[in-house]
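Hi everyone, thanks for coming.

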Amino acid sequence: MIATAYAIPDVLVFLTSALLILVGAVGVLAMRNPVHSALSLIMALFGVAVAFVAQSADFLAAVQIIVYAGAIVVLFLFVIMFLGVDRTETVRVEPLVGQRVFAGAGVLVTVAGLITLFARSHWVTGAIAVSSSGQPLSTGSANVTQLGTAVFTTYLFAFEATAALLIVAVVGAVLLARRERAVDAEGSQS
Amino acid sequence: MTSWLASVDPLFAHGVTWAVVIIVIAKVFVGFAALMVSVMLMIWFERKAISDMQSRIGPQRWGPFGILQTLADGVKLFFKEDLLPAEADRFTFKLAPYLVLIPALITFSIVPIGGTVVIAGHPVLLQVANPPIGILLMLAMSGISVYGVILAGWSSGSKYPLMSAVRASAQMISYEAALGMTIVTVVLATGSLSTHDIVMAQSHGIWHWNLIRLGIVPFVVFLIAITAELNRPPFDVVEAESELVGGFHTEYASLRFALFFLAEFMNTITMSAIIVTLFLGGPAGWVPNIPHVRWVFPILWFLIKTVGFAFGYIWFRAALPRLRYDQLMNLGWKRLIPLSLGWMLIVAGFLIRPSWGFLMAALVILAWTVLTRAYTLGQGREESIDSILPTVGERPLPGRVLRAWTDREKD
């Protein structure tokens, strides 16, 4: 049934993006070097962008790359470089004894929960096939118009709340991280 | 499927046939070749112009006026030994040049070089691609090219390249904000993201160019921000020779160094072209009514404008001293970002209704006054100890605050 519903190019694109995402995601965990992990993360984000393009959500793909790959992972790398990277960082030492068991249990519960949700609830995955049921995204530049209208009318409150949250987070981070130079000078005097 | 493609490019209006495929491949090849040749000429032009400004002769041995110097340098670099530092992270070290080069190539594909021509019955846009996300592609690609610089610096396993990489990441991210804001202004006025539409909206004469229509401010901000994004002088703290040896590509040799060099000049050309596209109407200009060669004139106009900006970059390099790192950050965060944000709000207001525009202008002026007051207060707090404001972040002990006050009395 599935084979008849999808064209071969679509399947190929989907497989490519899925492979990019999965290899990238596993790489984030498996790489020894934090910088290599960050690189794998970029690969996974690119895979997501490809998936967006395949669903004709071009604008989301662009934003995905500009915001996540272009800004957030750069900040990760910035921090990794500033703190200095221990190339042979060992993960054999457990700072929290017995955390691995709990982590494993947590992963199991999450994955099981997700699978159950995917299987049972329609609202998680959306329509099974966009072409058969549900409204397809409009293509071309109408796509951006559609998204913009949705964000600034239907979801305006959520949008503004997110903006406020981000501003608060930034100001809070600056407040916590900032050191007063004048007081430093005094501290060294006394 | 076909209708979607037609909305992207009129070339696909009658479906994808063999002729269309050949035209698309030809466009890609011509675009690539044109970019490569222009990079060759740009490097020669920069060296020659700088030499003239510094009363030197410059390249003169290869070809007339030394025009083949770049080719000779390319051949030399090609045959040099490919060094890999012992401390280098091998994979990342090899990957980094391509992360700079490929975005530089992709960005050029969205630049409209001319109008529309008809080849074999198909209307063809004279640009390699016209994606619906248009100018956002440029932002995305400049986001990716940051990685090339950062990873090149880090993977060299050497101190100065690493410092350069840290500077580069901070600088490029900071200026991307101002860059994005000015692009939003242009996009608001046009009502479309596509570069073709942006150019078409400016094609009705010089008063419709975004340079004038949006006021000069977005253009100036964009020019400064893009120069910083390119790491070109006066914003070249990334490869400041007097401080960092050679910047992030100190450890690179041979062909990999050539790739960095290529990408840098390619970006200079592409960004000149992007400025022309966004603010100077791209290929817009006076077209004389001569049959059969009408399509040549838009290309000529585009070339003249782009070369003008390329020369501007060379002139910057010869005339302006390098900014210090903190000056660079102050300019980016405290001047350009508020300025571009405020101007964007004013333009958005005027686009709805003039009264809204004036209201926005009043609000922006109010915000500007508050911000200036905050800066002066903050400046005083950084420089002297007599601050009325309590300390932020450190939470000093009560005794220490008291001591600070009494010490001040003694002075």
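**A walk through chain B, with a word on confidence**

Let's begin with helix 5 of chain B, residues 135-155: its 21 residues reach 31 Å from the first C-alpha to the last, close to the 30 Å expected at 1.5 Å a residue. That expected span is 1.5 Å times one less than the number of residues. Helices here are DSSP runs of H or I with at least four residues, strands are E runs with at least two, and both are numbered from the N terminus.

Before going on, some ground rules. This is a predicted model, where local features need pLDDT of at least 70 and side-chain atom pairs count only at pLDDT 80 or more, while totals for chains, interfaces and linings use all residues. Residues are numbered from 1 along each chain as its sequence is written, chains are lettered from A and ligands numbered from 1 in the order in which they are written, and side-chain values use heavy atoms, with hydrogens and water left out.

Back to helix 5 of chain B: 21 of its 21 residues are buried, where buried means under 20% relative accessible area, exposed over 50%, and partly exposed in between, with a 1.4 Å probe and protein chains only. After this helix comes Gly157(B), with a positive phi near 65 degrees.

Chain B as a whole has 15 helices and 2 strands. Of its 411 residues, 47% count as buried.

A salt bridge here is a side-chain nitrogen of Lys or Arg within 4 Å of a carboxyl oxygen of Asp or Glu. Arg232(B) meets Glu46(B) at 3.0 Å, N to O. Arg232(B) sits in the loop between helix 9 and helix 10 of chain B and Glu46(B) in helix 2, residues 18-53, so this pair ties together parts 186 residues apart in sequence. Arg317(B) meets Glu46(B) at 2.6 Å, N to O. Here the partner comes from helix 12, residues 296-319 of chain B, so Arg317(B) and Glu46(B) tie together parts that are 271 residues apart in sequence. Glu46(B) counts as buried because its relative accessibility is 2%, whereas Arg317(B), at 40%, is partly exposed.

Stay with that loop between helix 9 and helix 10 for a moment. Asn231(B) is buried, at 5% relative accessible area. The loop also holds Pro234(B), and the peptide bond from Pro233(B) to Pro234(B) is cis, with omega near 5 degrees.

Finally, confidence in chain A. It averages a pLDDT of 77, and 73% of the residues score at least 70; pLDDT is the predictor's confidence in each residue, from 0 to 100. Where in chain A is confidence lowest, and where highest? Lowest is helix 9, residues 181-189, at a mean of 49, and highest is helix 8, residues 156-177, at 90. Residues 128-134 of chain A also fall below 50, and that stretch has 5 contacts beyond near neighbours in sequence, a contact being heavy atoms within 4.5 Å. Where pLDDT is low, the predicted coordinates should not be read in detail.

Thanks, everyone!
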